[in-house]
Amino acid sequence: MVHDGLEVVPWAAGGFHRSVLITSALARLGERGILADAIVRLCIGPLLARRVTLHVVHAMAATRRGVVDADALPRQLRGWLTAFAHLPDMDESGLLMSALTGPGIAELNQWIDEAALAHLIVWRRDAQRVQLEPADRVLPGGVDATRWIFDRFTKTRLDEWRTASLQWELAFLDRPEAVCGDAGVPVRLVAERPVSMAMVVSALARRVCAASSDAEVLAGMTASEVMQELVTLTKVGAFDAAVGLAARASSAAPASVELAIAHAFLRIVRHPGAAETELRQILRSSPGQKPLISVNIASCLLRQQGSIDQISELLGDEDVAKSDKLAWLWAPEPLIEGKLLLEEYRISDWVSEMTYCLARAR
């Protein structure tokens, strides 16, 4: 609740209710031995800094284009605009990269370290400053132990956990009492989410065989964190900024098939023909990604008014139709209508929905 709540802008409908939910959840976590400051500042802090930056840059780009007047912006955004006022005139993608690597992000990081939690929750720049003891910022087990607890209760897929978190989990499964004693959390708390030894070993094995998901890719972000930002940019309609960020990240990490597919996927918005070519090139070198690439090629064909028979043939492949992989995709019905709506699907569910929509469209 804390993680998802802080991802939501505080000026959205129900903003006060959002603040109450986050505050109540932090209090409940504190009662159970999980420090509120550790969760918000250490674990969610970098994400929060990027989220504020993203929305401020999007607003700044809109004001510079004359799309919206600065006085019409939410007061939280107006408060942060001056932190990035030094940025030169450039496209939104350039603005975002400059903001993520310039002095503005340094101010945001200091704000996350020092601002009162109540003001962090509502993204208030002129926040009251507090002094915290080092022990208030992490669990007794240290930074990695704190992030382990955070990962296991906020990230469903073990592939999204940090490597250190997987190692702590492995140690916990071997010696639960001793590891929880070192971490500073009760065994009963950790046991609320059961994870098997086989799941952890498989996740570690996949980590060894692939590019490390812990490695920094761009502007202090890992590949997984870049993907998070791409989803958020797309949801707020900043398509060009999303494509620019994906292109830079893919260039910085050429071995990442995930980022290459993300870049091609985002190009479907404005350049479906080029996106299709890009996806087919990726498929030749990464046949294991056939289900995900195939459904995205189908989206390209729909954007280009391709034949329904050709699309149905792609989706009729057994490997594609039965894939249970989760992915962010363009929702079928809006896509057929010429609109774009980003949703998370199991590929098999997307195929079923698209097949049904195509049958109705014949």
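How many salt bridges does a search of the whole structure find? The search finds 24 of them, and several are described below, after an outline of the chain, which is a predicted model.

## Overall form

The protein chain contains 23 helices and four strands. Its radius of gyration is 22 Å, which agrees with the value near 21 Å that a compact globule of 362 residues would have, and along its principal axes the C-alpha trace spans about 65 × 55 × 35 Å. Of the contacts between residues at least 6 apart in sequence, 63% join residues that are at least 24 apart.

## Surface and charge

Buried residues account for 48% of the 362 residues in the protein chain, while the accessible surface comes to about 17,200 Å², with 54% of that area belonging to carbon and sulfur atoms.

Side chains of opposite charge can pair when their charged atoms come close. Glutamate 7 and arginine 51 form a salt bridge in which the closest N and O atoms are 2.6 Å apart. Because glutamate 7 lies in helix α1 (residues 2–7) and arginine 51 in helix α4 (residues 45–64), the pair ties together parts that are 44 residues apart in sequence.

Glutamate 7 counts as partly exposed at 24% relative accessibility, whereas arginine 51, at 1%, counts as buried. Both residues also belong to a network of salt bridges that links Glu7, Arg50, Arg51 and Glu229.

## Arginine 137 is partly exposed at 25% relative accessibility, and aspartate 113 is partly exposed at 38%.

Glutamate 114 and arginine 129 meet in another salt bridge, at 3.4 Å from N to O. Glutamate 114 is in helix α7, while arginine 129 is in the loop between α8 (117–121) and α9, 15 residues apart. Glutamate 114 has a relative accessible area of 29% and is partly exposed, and arginine 129 is partly exposed with 40%.

## Serine 286

Serine 286 is placed in the loop between α18 (272–285) and α19 (290–303). Its relative accessibility is 13%, so serine 286 counts as buried. Apart from its neighbours within four places in sequence, serine 286 is in contact with Val257 and Ile293.

Note on methods:
Residues are numbered from 1 along each chain as its sequence is written. This is a predicted model: local features need pLDDT of at least 70, side-chain atom pairs count only at pLDDT 80 or more; totals for chains, interfaces and linings use all residues. Side-chain values use heavy atoms; hydrogens and water are left out. Helices (H or I, at least four residues) and strands (E, at least two) are DSSP runs, numbered from the N terminus. The radius of gyration is taken over C-alpha atoms; the globule rule is 2.2 Å times the number of residues to the power 0.38. Buried means under 20% relative accessible area, exposed over 50%, partly exposed in between (1.4 Å probe, protein chains only). Contact means heavy atoms within 4.5 Å. Accessible areas come from the Shrake-Rupley method with a 1.4 Å probe; for residues, only the protein chains shown count as cover. A salt bridge is a side-chain nitrogen of Lys or Arg within 4 Å of a carboxyl oxygen of Asp or Glu.
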